Amino acid sequence: MSTATLSNQSRSDLMRKIKDEIMNLTESPLYAERVRNHVFPVIGEGSHDAQIMFVGEAPGKNEAATGRPFCGASGRVLDELLASIHLPRTAVYVTNIVKDRPAQNRDPFPEEIAIYGPFLDRQIDIIQPKVIATLGRFSMAYVMNRYGLAPQLGQISALHGRIFETKTSFGSMKVVPLFHPAVAIYNIHTKEVLMEDFKTLKEVCG
Ligand code: URA
């Protein structure tokens, strides 16, 4: 992918190609389950020229039923956090590493991350965000490894809310690890931490 800024048309075309490829991803171990359960892959949603991208882990039940990321209980927390910094969801791009639902919301397997990760890489190259906010430890590890931040990786409890600067083929980018919103559903302390970390995100976005 060139470092040139893409036109809106090219961005949409490239995103559609990703969607088509994922729709037909028969080599994924999660594909058969998708077909058997009559559910959808979750590609991503939002602005294709967003300054900020949110990257979660994998779709849950509601997401697979609708094909939309973060539309269940975790999504309500994410919406609340976005509202707290007056950032409309339409202005950001929200996606996951793994695009199909792992059964019973189990953690994604490394081989699933290996299959779906390259689609996320392409989405990042298309959107060329200034900031990636990772939601949870899997996307934190994936994005930090991918962008040369492996030496700084650690526990999410130590890294959340911190700003990591990196270089990409399309320019400099910041990575801000955040707790997964699902943790905040039943844990008020995590919710408060997320609220504070979103204030940092607001400052980073300018
Ligand atoms: N959890 C995720 O990581 N992603 C979603 O889209 C929903 C829940």
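Me: What makes strand β5 (residues 164–168) and β6 a pair, and is their sense parallel or antiparallel?

Reply: β5 and β6 are joined by five bridges and run antiparallel. Two strands pair if DSSP finds at least two bridges between them, and therefore the five bridges qualify β5 and β6 as a pair. Within β6, serine 172 is the bridge partner of lysine 167. The two strands form a hairpin with two residues between them. The model is predicted: local features need pLDDT of at least 70 and side-chain atom pairs count only at pLDDT 80 or more, while totals for chains, interfaces and linings use all residues. Residues are numbered from 1 along each chain as its sequence is written, and side-chain values use heavy atoms, with hydrogens and water left out.

Me: How do you know that β4 and β6 pair, and in which sense?

Reply: Five bridges link β4 and β6 in the parallel sense. Valine 131 stands opposite lysine 174 in β6.

Me: What makes one set of α9 residues buried, and where do they lie around the axis?

Reply: Buried means under 20% relative accessible area and exposed over 50%, with partly exposed in between (1.4 Å probe, protein chains only). Thr190, Lys191, Val193, Leu194, Asp197, Phe198, Thr200, Leu201 and Val204 are buried in α9. They cover an arc of only 165 degrees, taken from the directions from the helix axis to the C-beta atoms, and therefore lie on the same side of α9. On the other side, Ile188, His189 and Glu203 are exposed.

Me: What makes Phe198 part of the largest nonpolar core?

Reply: A nonpolar core is a set of buried Ala, Val, Leu, Ile, Met, Phe, Trp, Tyr and Cys residues joined through side-chain atoms within 4.5 Å. The largest one has 58 residues, and Phe198 is among those with the most contacts inside it, together with Phe54, Leu178 and Leu201. Helix α5 (residues 110–127) gives the most to this core, with seven residues. Leaving aside neighbours within four places in sequence, phenylalanine 198 is in contact (heavy atoms within 4.5 Å) with residues including Phe54, Leu78 and Leu178.

Notes
Helices (H or I, at least four residues) and strands (E, at least two) are DSSP runs, numbered from the N terminus.
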